[in-house]
Amino acid sequence: LSGLDPAQPYFQGTPIEVRLDKSDADFVDIIHTDSAPTIPNLGFGISPAIGHIDFYPNGGEQMPGCGKNPVSQIVDLDGIWEGTRDFVACNHLRSYKYYSDSIIYPDGFLGYTCASYNLFQSGDCFPCPKEGCPNMGHYADKFKDKIKGEFVKLYLNTGEARDFPLWRYKISVTLSGKSKIKGYVNVALYGSDGNTKQYQITKGTLKPDNTYTAYIDAEVNVGKVTKVKFLWNNNWINPTFPKLGASTITVETGQN
């Protein structure tokens, strides 16, 4: 049984006979997309974990793409009717959009078990444990025999618009060169199943022999990594023509 942002008003904090909970089916998975408090934030969705596994995409309160101005949302690509509904309840309605995208992407929407969204964002809960990570949405029930805890809270990030799934990578770059400079480092991944755009790994002072790490949520699952594109820029013209390289770049995928 999949709960798509189950309702908060009149249900949160009530006995389990009144609301959805894990005793209602052999396996209950929940997607929380609008779990901010009803007052003052007008959150429509329940916030506590109530299923066997509970997914909190983007932290579960504010979904990317829902902060657009009303006009652009109402005349969105999905049409005026859907745009009007999205303006009123965009976060709440993201749950069914993520679910429908999950049917098309069986390898997408990996949820990482974590104590909080902030810890997930900082990379504390990466990569997946040895039993793997469940996929939010249609394929969540593949995980039902692996649940150990009382409540399992899972976090992930999504895109702003269709297609919503993102794939998380940890990228570490060790720099080489003779002197430190100010600037930024970008990396793009190329693989057997596709390529990513450039992602910024670090900016500020770049020191040779230092290692810089970033977690990126890529718009494509590149599959087996075949090539890494490394780009650095010092933002302004420097008459000494400093040189900087990468002695190593390590890419780790969330799944394994």
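Which cysteine does a disulfide join to C114? The partner is C125, with an S to S distance of 1.8 Å.

## Basis

This is a predicted model, in which local features need pLDDT of at least 70 and side-chain atom pairs count only at pLDDT 80 or more, while totals for chains, interfaces and linings use all residues. Residues are numbered from 1 along each chain as its sequence is written, and side-chain values use heavy atoms, with hydrogens and water left out.

## Sheet

An open sheet of mixed pairing is formed by five strands in the order β1-β2-β3-β5-β4. Strands (E, at least two residues) and helices (H or I, at least four) are DSSP runs numbered from the N terminus; two strands pair if DSSP finds at least two bridges between them. β1 (2-4) and β4 (112-113) are at the edges with a single partner strand each, so one side of each has no neighbour in the sheet.

β4 and β5 (residues 152-156) run antiparallel and are joined by two bridges. Y112 lies opposite Y155 in β5.

## Disulfides

Counting pairs of cysteine sulfur atoms within 2.5 Å as disulfides, there are three. C66 and C90 have their sulfur atoms 2.0 Å apart. This pair links distant parts of the chain, 24 residues apart: C66 is in the loop between β3 (53-57) and α2 (70-74), and C90 is in helix α3 (residues 80-104). The S-S torsion of C66 and C90 is about -75 degrees, so this disulfide is left-handed.

For C114 and C125 the torsion is about 65 degrees, so that disulfide is right-handed. C128 is joined to C133 at 2.1 Å. Both C128 and C133 are buried, meaning under 20% relative accessible area (1.4 Å probe, protein chains only; exposed is over 50%, partly exposed in between).
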